Number of protein chains: 2
Amino acid sequence: MIYMDNAATTFPKPEKVYEQMDKFYRQYGVNVGRGQHNLASKASRLVQETRIKLKTLFNCKPEHEVIFTPSATEAINIILQGLTYNYDETIYITHFEHNGVLRTLNHLQEKYNLQIEYIPIDKESLSYDLEEIKYKFQEKRPSKVILNHASNVCGLITPIGEITKLAKAYNAEIIADCAQTAGLLEIDLVADKVDFLIFAGHKTLYGPLGASGFIMERSKALRPLMYGGTGVESANPKLPKKLPDKFEVGSINIHAISGLNAALRFIEETGIQNIRKKEKKLTLKAIETLKKHREIKLYTPDDIENQVGIISFNIPGYSADIIGNFLNENEIAVRTGLQCAPQAHKFLGTDPAGTVRIGLSYFNNLADIEQLDNVLEELLLEI
Amino acid sequence: MIYMDNAATTFPKPEKVYEQMDKFYRQYGVNVGRGQHNLASKASRLVQETRIKLKTLFNCKPEHEVIFTPSATEAINIILQGLTYNYDETIYITHFEHNGVLRTLNHLQEKYNLQIEYIPIDKESLSYDLEEIKYKFQEKRPSKVILNHASNVCGLITPIGEITKLAKAYNAEIIADCAQTAGLLEIDLVADKVDFLIFAGHKTLYGPLGASGFIMERSKALRPLMYGGTGVESANPKLPKKLPDKFEVGSINIHAISGLNAALRFIEETGIQNIRKKEKKLTLKAIETLKKHREIKLYTPDDIENQVGIISFNIPGYSADIIGNFLNENEIAVRTGLQCAPQAHKFLGTDPAGTVRIGLSYFNNLADIEQLDNVLEELLLEI
């Protein structure tokens, strides 16, 4: 099977991720931070080392803290449900937010009568006009801005740093959902003035499921979403105020974090630029291949520089599911439908049936694209 | 190192758990339920099979649904924060609840002015007097009853079925925290009239971290705690009403669930009675060993039948930490302090320093207890 569903989760993982998880869990599969025996100390050190690797990756300041969560969705919920809202305040989002953001906002909207505004973007070229954004912010000042760093539908990259610069004029809080970009695009938390950065360990970071999280400054206010044991201050009926403990209740997933640790080593050793370079080469090739077939309608930004390796397409007259099934029968795994991002499809005009989505990773190769070409050719002959 | 910290997380796991996780994640490490390719279908089947195994283990009805969560703490939060409360209503808990329950209740108490009452228990013998409980329920009728099935501090088993019978006369809702008992003691969800059963996959179920959850009837009302993508009904700005989707937002941890699946096979093949039998034999031996040393103060129920393999002790005049460190230096891993259950220690009179806790598992053996005996003898000679 040729796997092109990497936007859902990257697969396979680097060999060292599998190896380290198995080895570490067999040797140190204990509960960290809740006692002082040697096995727990060793596991605890690995967790700390992984936090440092992440802080280095996103160019964090010492004041930043990494909080591990089992999924990016949980990180989004902790942040969005933990912030303080004024009744009627304005939240800007991109057209490309995931249901993790959309459904959480929908819940909060009912509670606080939030005004949700979309950051304007040119529909044809899929490019952001900063002047227009500036003008819109002037008209209706942003209180919080949620930025999907790269769309899980069409791969469009949001220019986080530039939009943040405009939003910070209004002292807006910035939340960046980097589920599809952490480890692939260079992200500078300080330069880009991001207040809350969300990462998914099992996507472009090439780690396993279960080790995602977010990064924030320790001094920022955020209410907890969940309550429970922290292994510290156990006699306190309230959660400790200290980060990361305040948000890391219950047992930390040392197994998953050991895999993320190995994945971060893979990224360090390969080089983030080299990963991006290879992924870009494959993306260009895939777009070129798809464009060759005139029946195929592509939903890609005009500027390839603004795209990660996620490509959506359709064949007018045929549902995305039919195409997806045909590809699957021919040993190519893709994802079809709305990909948990219904607003993106509304914007692209591809709802309610959605698109066929190709998600590439560092572990795809040109032969995979050639095979996609062959299967598509066969499909187009048949239909 | 002799590992006696199994109440924190069981270690090691059965060999097949390590094997299946590594193999399955290498072969089918994809995102389930969010597309239709063959790899995802295969992974999806494994998740369904694991739900069925759990339903069989707890003697569920077809109306019951298994909801996976990354941790038992998260399951507790979803349930306790998702229930509806009347202002001033009475919640009964045992003296042995974990901070997962205590801290969540503390948060809710402030919101709803909840009246927290302890289920009475004899301090000396550590045994429940059902007549006294009946009388207390009459005096102050229970609205919800939270029952820690076995204490993570002293191993005391709560007679869930008997207390539930009394509470159901008032139509109280029953929440059973089976973190320390699922897979070890036989639990009958129907006979015991439990409304919400919480399990921790990585403890007595011998699975990995990341695959815990809860079981409830599909028709019961419960608000969601988190919002996000479910892979179904993606165009709906609200969560689907259907279980388990309503509570399983974000990517399911197929890696951890594949391990839990193997762990459940281990329990089926070994037999839950045989696991309990071996654990009881080790527990008896450990208690006998500890009792031999007159300097040691034990906190165990008089009736061994009411105890799982978790034993707390102290040596008066010495802090639990000092004893724990000595054991650790002599290659025995235990847990000291409050073990995230401060009320249990208040009740036992062991706060604020807590106890030394031994947590046994099926993978300990008599030689481990003998070695504990030797090290304790050495310690008692030294101090």
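Student: Which residues of α1(B) and α7(B) meet?

Tutor: In this predicted model, α1(B) contributes Lys16(B), Val17(B), Gln20(B), Met21(B), Phe24(B), Tyr25(B) and Tyr28(B). From α7(B) come Ile254(B), His255(B), Ser258(B), Gly259(B), Asn261(B), Ala262(B), Ala263(B), Arg265(B), Phe266(B) and Glu269(B). The residues of this contact divide into nine nonpolar, five polar and three charged.

Student: How do the axes of α1 and α7 of chain B cross?

Tutor: The axes of α1 (residues 15-28) and α7 (residues 254-270) of chain B come within 8 Å and cross at roughly 145°. The crossing of α1(B) and α7(B) is right-handed.

Student: Why does Glu15(B) count as partly exposed?

Tutor: Glu15(B), which has its place in helix α1 of chain B, has 40% relative accessibility. Buried would need under 20% and exposed over 50%, so at 40% Glu15(B) counts as partly exposed. Between the C-alpha atoms of Glu15(B) and Phe266(B) there are 9.2 Å in space, and the two are 251 residues apart in sequence.

Student: Why is the pair of Phe266(A) and Tyr362(A) called edge-to-face?

Tutor: The ring centres of Phe266(A) and Tyr362(A) are 5.7 Å apart, and rings pair if their centres lie within 6.5 Å. The planes stand at 70°; over 60 degrees counts as edge-to-face, so that is the name for this pair. The structure holds 28 aromatic pairs over all chains.

Student: What parts does the pair of Phe266(A) and Tyr362(A) tie together?

Tutor: Phe266(A) lies in helix α7 (residues 254-270) of chain A, and Tyr362(A) in the loop between β13 (355-359) and α11 (366-382) of chain A, so the pair ties together parts that are 96 residues apart in sequence. Both Phe266(A) and Tyr362(A) are buried. Ring pairs link Tyr206(A), Phe266(A), Tyr362(A) and Phe363(A) into a cluster.

Student: Which charged ends sit over the rings of Phe347(A) and Tyr85(B)?

Tutor: The charged end of Lys123(A) sits over the ring of Phe347(A), 5.0 Å from the ring centre. For Tyr85(B), the charged end is that of Lys144(B), 4.3 Å from the ring centre. The distance limit is 6 Å, and each pair also has to meet an angle limit of 35 degrees from the ring normal.

Student: Why is helix α3 of chain A called largely enclosed by the rest of the structure?

Tutor: Of the 11 residues of α3 (residues 72-82) of chain A, 11 are buried, so the helix is largely enclosed. Among them are Glu74(A), Asn77(A) and Gln81(A).

Student: How many residues of helix α3 of chain B are buried?

Tutor: In chain B, 11 of the 11 residues of α3 (residues 72-82) are buried, so this helix is largely enclosed by the rest of the structure. The buried residues include Thr73(B), Ile76(B) and Leu80(B).

Technical notes: Residues numbered from 1 in each chain as written. Chains lettered and ligands numbered in written order. Predicted model: local features only at pLDDT ≥ 70, side-chain atom pairs only at ≥ 80, totals over all residues. Heavy atoms only, no water. Phe/Tyr/Trp six-rings, centres within 6.5 Å; stacked < 30°, edge-to-face > 60°. Helix = DSSP H or I, 4+ residues; strand = E, 2+ residues; numbered from the N terminus. Buried < 20%, exposed > 50% of the residue type's maximum accessible area, 1.4 Å probe, protein only. Axes fitted to C-alpha atoms, helices over the stretch in contact; angles between N-to-C directions. Left-handed = near helix turned anticlockwise from the far one by under 90°. Contact = heavy atoms within 4.5 Å. Nonpolar A, V, L, I, M, F, W, Y, C, P; charged D, E, K, R; others polar.
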